[in-house]
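This report goes through one protein model, from its overall make-up to individual residues. Please read it alongside the sequence and coordinates shown here.

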Amino acid sequence: MVGYLIAYGQGQLFREGVFQFMTSFSLVWFAIVGAQAGVNKHVPVLGCLLLAVIAPTAGRWLIDVSSGVTPKQFIRGEWFITIAALTGLIWIVTYWATKNTWIAVAVAAVIGFAVRMAALYYAWEEPLAKEPKGVYKHGDGRPLLGRKIAGKSHRELRDLGLLVENGTGQPAAVEAPSAAAPAH
């Protein structure tokens, strides 16, 4: 409730400040809990790492969807999934080395939180998959879709998010029609 009151009073400052700090803090704790649950049930290491990723990302997905925003996992962002996996791995390695849950929690939480805060501060972004061969880009970075959109209707282009409308439901003029092409 306090968070909502601050969010409405402070707006963007809250979302970029306190909220990012708290989600960074909770990210590492959920990753640790996921990794610990896997180790306690004798799940193989890869499974424990998957649990360390699923625990914080599932919760964040629910928060984002219920808030009406695009889930964090689908936005090129500040090392969210990578930090969950890293924190889980650090917890597993530290736990196996020390056999002490509290030491493992302390080490993983401090490192995971520090890396997350550094990623936010320096605006590090998770890498994207490489473009497939044959994809050329416009000067502004958008891919040239060429044959993939040839012959598509205005409705199909709008549904794909590739058609800009001028507010009347009609496509906006991208360029002036040539003398050879009749105006619609």
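## Overall make-up

The protein has seven helices and zero strands, where helices (H or I, at least four residues) and strands (E, at least two) are DSSP runs numbered from the N terminus. Read from the N terminus, the order of elements is α-α-α-α-α-α-α. This is a predicted model, in which local features need pLDDT of at least 70 and side-chain atom pairs count only at pLDDT 80 or more, while totals for chains, interfaces and linings use all residues. Residues are numbered from 1 along each chain as its sequence is written, and side-chain values use heavy atoms, with hydrogens and water left out.

Of the 184 residues in the protein, 26% are buried. Buried means under 20% relative accessible area, exposed means over 50%, and partly exposed lies in between (1.4 Å probe, protein chains only). The protein exposes about 13000 Å², with carbon and sulfur atoms supplying 66% of that area; accessible areas come from the Shrake-Rupley method with a 1.4 Å probe, and for residues only the protein chains shown count as cover. Contact is defined as heavy atoms within 4.5 Å. Among contacts between residues at least 6 apart in sequence, 57% join residues at least 24 apart.

## Helix α4

Helix α4 covers residues 45-67, which is 23 residues. From its first C-alpha to its last, α4 reaches 33 Å, close to the 33 Å expected at 1.5 Å a residue; the expected span is 1.5 Å times one less than the number of residues. The buried residues in α4 are Cys48, Leu49, Ala52, Val53, Pro56, Thr57, Arg60 and Asp64. Just after α4 comes glycine 68, with a positive phi of about 80 degrees.

## Helix α6 and its ends

Helix α6 spans residues 101-122. Its 22 residues should span 32 Å at 1.5 Å a residue, and the end C-alpha atoms are 31 Å apart, which agrees. Ala104, Val105, Ala108, Ala109, Gly112, Arg116, Ala118 and Ala119 are buried in α6. At the start of α6, a side-chain oxygen of asparagine 100 comes to within 2.9 Å of the backbone nitrogen of tryptophan 102.

Two residues with positive phi belong to the loops on either side. Most residues other than glycine have a negative phi. Lysine 99, in the loop between α5 and α6, has a positive phi of about 55 degrees although it is not a glycine. With a relative accessible area of 57%, lysine 99 is exposed. Alanine 123 follows α6 and is found in the loop between α6 and α7 (154-159). Its phi is also positive, at about 55 degrees, although alanine 123 is not a glycine. Alanine 123 counts as exposed at 53% relative accessibility.

## Nonpolar surface patch

Which residues form the nonpolar patch on the surface? They are Leu86, Ile103, Val107, Val110 and Ile111, with about 360 Å² of accessible area together. Patches are made of residues with over 30% relative accessible area and no salt bridge; like charges are joined within 9 Å, and nonpolar side chains (Val, Leu, Ile, Met, Phe, Trp, Tyr) within 5 Å. A salt bridge is a side-chain nitrogen of Lys or Arg within 4 Å of a carboxyl oxygen of Asp or Glu.

Helix α6 supplies the largest share of the patch, four residues. Leucine 86 instead lies in helix α5 (residues 80-98) and counts as partly exposed because its relative accessibility is 32%. Valine 110, in helix α6, is exposed, with a relative accessible area of 58%. The C-alpha atoms of valine 110 and phenylalanine 25 are separated by 9.6 Å, although the two residues are 85 residues apart along the chain.

Not counting residues up to four places away in sequence, threonine 23 touches Arg60 and Arg116. Arg60 is one of the buried residues of α4, and Arg116 is one of those of α6.

Tryptophan 96 is placed in helix α5. With a relative accessible area of 45%, tryptophan 96 is partly exposed. Leaving aside neighbours within four places in sequence, tryptophan 96 is in contact with Val39 and Val45. The C-alpha atoms of tryptophan 96 and valine 39 are separated by 9.6 Å, and these residues are 57 residues apart along the chain.

Note on methods: A polar contact is a pair of N or O atoms within 3.5 Å; within protein, one must be able to donate a hydrogen and the other to accept it, and residues adjacent in sequence count only if both atoms are side-chain atoms.
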